[in-house]
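Open the model in your viewer and keep the selection panel at hand. The stops below say what to select next and what is there.

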Amino acid sequence: MKRFLDLAHFERDEVLSLLELARRLENHPEPHALTGKILGLVFFNPSLRTLASFQAGMARLGGTSFVITPGQGTWQLETRLGVKMDGAAAEHVREGIPVLASYCDALGIRAFADGRDLQADLAETNFNAMAELVDKPLINLESAMNHPCQALADWKTMDDLGVPRHGKFVLSWVYHPRALPLAVPAATVHMAAMRGMQVTVLRPEGFELPPQVMEKARRAAALAGGTVHETSDRDEALEGAHIVYAKEWGATVCYGDAEADAELRRGLTHWCVRNDWFTRTAADCRLMHCLPVRRNTAVADEVLDGPRSVVLREAHNRLIVQMAVLYRMLRGVQ
Amino acid sequence: MKRFLDLAHFERDEVLSLLELARRLENHPEPHALTGKILGLVFFNPSLRTLASFQAGMARLGGTSFVITPGQGTWQLETRLGVKMDGAAAEHVREGIPVLASYCDALGIRAFADGRDLQADLAETNFNAMAELVDKPLINLESAMNHPCQALADWKTMDDLGVPRHGKFVLSWVYHPRALPLAVPAATVHMAAMRGMQVTVLRPEGFELPPQVMEKARRAAALAGGTVHETSDRDEALEGAHIVYAKEWGATVCYGDAEADAELRRGLTHWCVRNDWFTRTAADCRLMHCLPVRRNTAVADEVLDGPRSVVLREAHNRLIVQMAVLYRMLRGVQ
Amino acid sequence: MKRFLDLAHFERDEVLSLLELARRLENHPEPHALTGKILGLVFFNPSLRTLASFQAGMARLGGTSFVITPGQGTWQLETRLGVKMDGAAAEHVREGIPVLASYCDALGIRAFADGRDLQADLAETNFNAMAELVDKPLINLESAMNHPCQALADWKTMDDLGVPRHGKFVLSWVYHPRALPLAVPAATVHMAAMRGMQVTVLRPEGFELPPQVMEKARRAAALAGGTVHETSDRDEALEGAHIVYAKEWGATVCYGDAEADAELRRGLTHWCVRNDWFTRTAADCRLMHCLPVRRNTAVADEVLDGPRSVVLREAHNRLIVQMAVLYRMLRGVQ
């Protein structure tokens, strides 16, 4: 495995095999598997789980990491092509990224969406421009439209909990003071579809996921025996749900227009998951969220501190599945 | 040992045993003792010694560390309970701390005093709220009212130097441009008392240590054969002293009131330790300070660069005693 | 080897021996050579290559690193002697540096020029004040007037490419929006002279390298059978060149005067290396640059993306030669 950029690049069987490897490493540690191997981690955006769990994961396998945070103790990196660099950025990714890749055995890059041009973000223009400069194994630590490590961890979490393969999975928009990227919702709807679930995307008008995202998820669902559906009717969506996956994202009808987005979300503060969201769901319905989550804004204390929440398990599974990704990248199939 | 939060949580014999282990590891390195073990370090406040020495200490024992600095390459973390999170903090410690704990074998947290409500700081409200979320071995890297790693290093430093068990220990307030926390003075007075010393707290009026701090130290002194005394008379305090431990802290009569504090300290710039402070002390009296120290403001160059200063040895002992703490936490009694 | 601060501290044979060791470690990894060893890295200024390559190099040899960035998650450090510290800096290097040295087996320090007083910068006042506080092996990660790790990597790069020992080496000033330090040009002209090359420094009037720098290079050239020459005539300089080494630096006729410097460089934006700079050079002439480089300001895309550019190889060689430096420092001659 040379690249881990998108679950959609893998067959369903390959994902299942990765999850099996993750479970093996969880139960039977291999503290010398990656001795001498080095992971480079480049963060253009903040991180907590990714930053900590990748360093911990490499260490648990005997390897080492270094962290680069452009603009913070490091030069700002320019990403645009062909520009005359007379501004704040002292270095271009065309030098910076291959240089870092040359120091390590695998590289991870986090680069969020620009949030201005939806088509450019859907095309992963920025991330792909960097990815093509890297000749080492490469991991997507969250790009404009993807977060495959989170998706894989969430898949494992549902397996751990015995959530039925064809169970009902509701990805619900929740309130946040400002527009957030589409990476996690896009990765999540695809993951649940690829797992074979009955997926419902629940969101207010104006917050529809882009057609390309929905189409991709539908193709995955078709192969796995699942379905993908979209609605703004909360009662309909939550009826019989096994999973409520809460996530904040920006309005897509006015992508990149912060004022119009703020106008749209003004009346939507009641999109905060509370216990009464679970009256029509399956009895053992779980609350998932990729974190960070704003308490009492996106999800209420009563849910996060209650028995339905599995957010800590999701976060812990980041460590486990990423160890599997690193292991397969740096040791191959064993 | 599951927690290292306060020397007062340990019997005197247990502290002596930790110091013995520290000496053993100093003289007989065990470079594979903690192979495969991971230490997570969370810094809500700046650090130099703690940041470097914990990473170095884990490495010297064969282990690994990762560092998280909330708000710097990482989300800001909310600490208050029950709030609606619509401000700058993207994540709550109720998620962030257990997640980080789940990635490592031991966790260290630095969280200074809020500096507004003395009773809340004395109760360690903030630190304890995080501590109760952690089910892994936990180390206090300096909290509102404690700094047990510094205290243990200082104890060892006095042992190294042959300072008499019942020698005279003067904790002296020194000038600083603004109010600093009470963590080190509180930990220091307790440590010296627990070691069995004749402790004098020397400070201007208005800078008395809180009664709870003095009471705790007196209880420790009673068990160890020492005494605890407080004065604003410098001559009386320094008479026959074996140790002058200089430390800056905020006025306690107006805790949290920066203006009143500034007014109180305005005339106190002569509280800067100079050579003439040592005319009445024991001939071999030493100057201690936990660092960082402002030269010629808190302690003069002539003292810091002279033979009385043992501040570098104190700092080096941070490395040594912390290795003992990590060793006992992660390997047990061996 | 206790210190790696300046190539000029070594005989030519010693440098050749270091390069031989670098080549050996490149071809025959020794993943356990530095097991248990710890490198401390202190960055008073930003870094990308140095930060990543030293951590990666220690890890490739089995060792560990910690990174300290004063003022960022760490106290600001005062460097001036004898001052009353009542400003932003909470700690003096006279404490901070020896403390950090006491935690590790070797220390690296990056401290750029102050850029105000040329004679003080030429004397390395700041760096030397710290260096004399360190009793451990010490590496210069770039000081006011030196960057020996870059120089050694560049030497190896020319060896890798078969550039003739006595080939023509042109260090050319190139445009940058503001004055940059003299560290790399000073280290580079000396390195090329010490390698035995015919060195030409090409720069506009007002940007002459200081006489002390030129004299030092001439002494090295005399010993190695090379020459050192200076000109502002681009055609003359580039004629027959084997290497064009592009570098930005500040005007020396008005060192420390940002306005006068800006005035001088206003008309010099055509000092951007383009393909037409290579019409008179040797056919296989290479473009070198230490990075970071501003594209289309200092060097055009057409050169950086073309076959003459060896900037990525230079950067990769940082890793390799630094491993040799660390190996020799921490294991001696083996």
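Select α6(C) and α12(C): these helices are roughly perpendicular to each other (65 to 115 degrees). α6 covers residues 148-160 of chain C and α12 covers residues 311-331. They pack at about 110°, with axes 8 Å apart. Axes are lines fitted to C-alpha atoms over the stretch in contact, and angles run from 0 to 180 degrees between N-to-C directions. Helices are DSSP runs (H or I, at least four residues), strands likewise (E, at least two), numbered from the N terminus.

This is a predicted model: local features need pLDDT of at least 70, side-chain atom pairs count only at pLDDT 80 or more, and totals for chains, interfaces and linings use all residues. Residues are numbered from 1 along each chain as its sequence is written, while chains are lettered from A and ligands numbered from 1 in the order written.

Stay on the helix pair. Show side chains in α6(C), including Cys149(C), Leu152(C) and Lys156(C). The contact has five nonpolar, four polar and six charged residues.

Next, select chains A and C. Here 26 residues of chain A are in contact with 29 of chain C (C-beta atoms, placed from the backbone, within 7 Å). Which element of chain A gives the most to this side? Pick α3(A), with seven residues.

Last, superpose chain B on chain A. A turn of 120° and a shift of 0.0 Å along the axis give an RMSD of 0.0 Å. The two copies are thus related as by a three-fold rotation axis.

Definitions and conventions: Two residues are in contact if their C-beta atoms, placed from the backbone, lie within 7 Å. Angles under 35 degrees count as roughly parallel, over 145 as roughly antiparallel, 65 to 115 as roughly perpendicular and the rest as oblique. Ala, Val, Leu, Ile, Met, Phe, Trp, Tyr, Cys and Pro count as nonpolar, Asp, Glu, Lys and Arg as charged, and the others, Gly among them, as polar. Copies are superposed by least squares on the C-alpha atoms of residues with pLDDT of at least 70 in both.
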